[in-house]
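Please keep the sequence and the structure in view while reading.

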Amino acid sequence: MTTDHEQAGDCPDDLESVEEEEVCEDGSKKGMDFPNVLAALKAQHTTEMLASLPPAVKRRIKALKRLQLDLTNVEAKFFKEVHDLECKYHRLYVPLYEKRNTIVNGTYEPTVEESQWPSDDEEDLPNALKEKAKLEEEKNGKEEDKDIKGIPEFWLSIFKNCSLLAEMIQPHDVPILQHLTDIKTICNEDPMSFTLEFHFSSNEYFTNTVLTKEYLMKCVPEEDDPFSFEGPEIYKCTGCTINWNKGKNVTVKTVKKKQKHKNLGVVRVITKTVPNDSFFNFFTPPTIPEDNKEEDFDDDLRNLLTSDFEIGHYIRERVVPRAVLFFTGEGLEDEDFDEEDEDDEEEEEGDSDTNGGKNQDQCRQQ
């Protein structure tokens with residue numbers, strides 16, 4: 001039960017240290033606008049340069065922009081065909097995903113031949129020790145694995161391993177996610193979209209067996225800004241209604257607050273239901289007004305939508321296709337290497353700039 005004195009911010013541990021900032025006499029922060037000033041000066045220089053061009057050159061630039069628009073429209077067709085191709089191959093993946101589901105949930109037991117895969121801890125062992133380890137594993141397996149069905153908490157373990165998803169999970173979500181049996185994706189060509197299906201076994205929390213999240217995509221350059229087009233983008237998502245059993249809704253919590261009458265001094269306690277942090281808020285995304293453009297969104301709404309779209313795309317593109325690798329942690333290692341590679345590339349670029357300058361100086365001296 002949450003009380004007034006338990007609210008965030010009252011605890012010393014919640015206090016954050018704030019570094020002092022140097023402030024100018026007019027109240028602005030010193031040095032904060034320097035990059036913006038440079039960008040403004042550069043934009044002004046470009047505008048002045050274009051304005052000073054001869055009329056014939058300006059006309060040719062406009063002709064090039066018309067060609068650029070044609071290129072952009074061809075690019076949009078390319079991305080549309082890529083999406084259609086993804087949907088075609090997704091249908092080929094589905095039987096493999098279904099077989100994975102039967103193994104994970106224990107409705108199918110893979111044969112010895114289907115289970116042949118070298119274990120990391122066996123690769124460096126001599127053959128004799130490998131055979132001994134195999135016999136021991138078979139012996140212990142027959143005695144200990146009788147009550148184990150499939151791979152327990154397969155998807156919950158994946159969520160915990162993946163930092164992007166782990167951040168969404170609260171302690172009260174864990175018992176529910178233990179009932180998550182599968183995540184499926186549905187790919188649609190027209191309209192361009194995809195749907196995530198979260199399948200659950202029977203549980204005490206809600207009556208739904210499937211929770212869905214649909215993402216709508218567009219692959220058409222904007223009329224008022226066609227050159228900002230970079231390929232398909234998610235522009236809208238819709239969740240679903242969770243039919244919570246009484247007293248089991250983890251997306252809300254009840255708090256009690258004291259109110260004191262100004263004149264009489266009488267104190268009363270009121271009970272309020274307020275939103276609660278939960279993974280299952282994922283299925284209630286913020287609503288987007290139909291007639292509003294993205295530039296009309298406030299920063300909070302824009303950040304929420306961006307985060308939601310990133311999570312949906314990540315589950316579809318990474319988690320579902322590579323589920324076993326996220327379970328074992330190997331999929332996470334690949335992502336770590338990707339980030340390190342990017343850092344290395346930046347360092348190499350810096351070094352090459354330095355070395356390049358030296359080489360140029362040497363060439364001049366020769």
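Does Glu-204 count as buried, partly exposed or exposed, and at what relative accessibility? In this predicted model, Glu-204 counts as partly exposed, at 47% relative accessibility. Lys-248 forms a salt bridge with Glu-204, the closest N and O atoms being 2.9 Å apart, and the pair links distant parts of the chain, since Lys-248 lies in the loop between E4 and strand E5 (252-260) while Glu-204 lies in the loop between E2 and E3, 44 residues apart.

The strands named here also pair with one another. Strand E2 (residues 193-200) runs antiparallel to strand E3 (residues 210-218) over seven bridges, with Phe-194 opposite Tyr-215 in E3. Five bridges join E3, again in the antiparallel sense, to strand E4 (residues 233-238), where Glu-233 stands opposite Lys-218.

The salt bridges in the model come to 10, and the table sets out three of them.

| Pair | N to O distance |
|---|---|
| Lys-248 and Glu-204 | 2.9 Å |
| Lys-99 and Glu-114 | 3.0 Å |
| Arg-316 and Glu-86 | 3.5 Å |

Arg-316 is buried, with a relative accessible area of 11%, whereas Glu-86 is partly exposed at 35% relative accessibility. Salt bridges that share partners join Glu-86, Arg-316 and Glu-317 into one network.

How values were computed:
Residues numbered from 1 in each chain as written. Predicted model: local features only at pLDDT ≥ 70, side-chain atom pairs only at ≥ 80, totals over all residues. Heavy atoms only, no water. Pairing = 2+ DSSP bridges. Helix = DSSP H or I, 4+ residues; strand = E, 2+ residues; numbered from the N terminus. Salt bridge = Lys/Arg side-chain N within 4 Å of Asp/Glu carboxyl O. Buried < 20%, exposed > 50% of the residue type's maximum accessible area, 1.4 Å probe, protein only.
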